[in-house]
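User: I would like to learn how to read individual features in a structure, one at a time. Please give me the general idea first and then the case at hand.

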Amino acid sequence: MALAALAGIAAAKPPPAPLPPEGVQTAQPAAAGGYPYLVFVPRGYGADSTQKWPLVIFLHGSGERGTDIEAVKRNGPPKVIDRHPGSPFLLVSPQLEEGLDDSRWDTAKLDAMLAAVRKTYRVDPTRIYLTGLSLGGYATWDWAFKRPDLFAAIVPVSANSEDASRDPCTLKDMPIWAFHGDQDDVVDPLKGFAIMHAIDACKGSIRPKMTIYPQMTHGSWEPAYDDPALWRWLLEQRRIEPNPTRKAT
């Protein structure tokens, strides 16, 4: 009877929710402790149930905060992906709630969101990429410093690292490509130079890259995300996972 009861419980378990359609961006509610987000599922995702896919996480700037998830498409990768629906990666673009002018991305909520995404989608753990612009670029630095184990590469755009207490050598082996306008009147590009120089001075396994756009103010995300070279470079990066079975010699 006990086995029959267990079988009945298993039979009553609801089937998993269907995945969003491929080749378009769809809104997803916030999982417990996370953020709501747009998700782009690449074409061909459903063809092979064993294939894992690269994941790009995009953090928007201050102008896209609120409850209208479609606002996230105004700039950056969600805007680009609408023009390139054949892109071969998952894109997750969370939305920061509307609040005070100084509200910031919460890395604990981002961790919760990423954990839920990884349970739902077949994410390649060696190819998780993080990028953000302006306010989201600051959060890109912050999250990467806190969780350098997560990301294969980061791309902060029009942003600096706010926390001077962070050890720049934490990211000495992280592939980084930063973008900034030399006439940025919102975020000081000299501070962007400083953090990149500090990371480079740690002499890690890969030198960080920085592109400076001449005569460009704060909107350097337009040419940055429109550059095919950025996307080629990003998708080439892979994080080397430690082998838990390998014994120290």
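Analyst: Start with burial. Buried means under 20% relative accessible area, exposed over 50%, and partly exposed in between, with a 1.4 Å probe and protein chains only. Ser158 has a relative accessible area of 0%, so Ser158 is buried. This is a predicted model, in which local features need pLDDT of at least 70 and side-chain atom pairs count only at pLDDT 80 or more, while totals for chains, interfaces and linings use all residues. Residues are numbered from 1 along each chain as its sequence is written, and side-chain values use heavy atoms, with hydrogens and water left out.

User: How do I read helix α5, and which of its residues are buried?

Analyst: Begin with the general idea. An α-helix has 3.6 residues a turn, so residues three or four places apart point the same way. Helix α5 covers residues 189–201, and its buried residues are Pro189, Gly192, Ile195, Met196 and Ile199. Seen down the axis of α5, these fall within an arc of 120°, so they line one face of the helix. The arc is that of the directions from the helix axis to the C-beta atoms. The face turned away from the buried side carries the exposed residues Leu190, Lys191, His197 and Ala201.

User: What do the buried residues of α5 pack against?

Analyst: They pack against α4 (135–146), β7 (177–181) and β8, where contact means heavy atoms within 4.5 Å. As for length, α5 has 13 residues and reaches 18 Å from its first C-alpha to its last, close to the 18 Å expected at 1.5 Å a residue. The expected span is 1.5 Å times one less than the number of residues.

User: Which residue caps the N-terminal end of α5?

Analyst: The cap is Asp188, with a side-chain oxygen 2.9 Å from the backbone nitrogen of Leu190. A polar contact is a pair of N or O atoms within 3.5 Å; within protein, one must be able to donate a hydrogen and the other to accept it, and residues adjacent in sequence count only if both atoms are side-chain atoms. At the start of α7, a side-chain oxygen of Asp227 reaches to within 2.9 Å of the backbone nitrogen of Ala229. In α7 (residues 228–236), the buried residues are Leu230, Trp231, Trp233, Leu234 and Leu235.

User: How many salt bridges does a search of the whole structure find?

Analyst: Side chains of opposite charge can pair when their charged atoms come close. The cut-off for a salt bridge is a side-chain nitrogen of Lys or Arg within 4 Å of a carboxyl oxygen of Asp or Glu. The search finds twelve. In one of them, Glu162 pairs with Arg104, with the closest N and O atoms 3.7 Å apart. Glu162 lies in the loop between β6 (153–157) and β7, and Arg104 in the loop between β4 (90–94) and α3 (107–120), so the pair ties together parts that are 58 residues apart in sequence. Glu162 is exposed, at 52%, whereas Arg104 is partly exposed, at 41%.

User: What separates Lys146 and Asp142 in helix α4?

Analyst: Lys146 and Asp142 form a salt bridge, the closest N and O atoms being 3.5 Å apart. They are four residues apart in α4, so about one helical turn separates them. Lys146 is partly exposed at 40% relative accessibility, as is Asp142 at 24%. The side chains of Arg147 and Asp149 also meet in a salt bridge, at 2.8 Å from N to O. Elsewhere, salt bridges that share partners join Asp142, Lys146, Asp163 and Arg166 into one network.

User: Which side chain of opposite charge is nearest to Glu64?

Analyst: Lys and Arg count as positive and Asp and Glu as negative; His and the chain ends are not counted. The nearest one to Glu64 is Arg74, 4.2 Å away, and Glu64 is buried yet has no salt bridge. Glu64 is in the loop between β3 (53–59) and α2 (77–83). The side chain of Glu64 reaches the backbone nitrogen of Gly61 at 3.3 Å.

Key
Helices (H or I, at least four residues) and strands (E, at least two) are DSSP runs, numbered from the N terminus.
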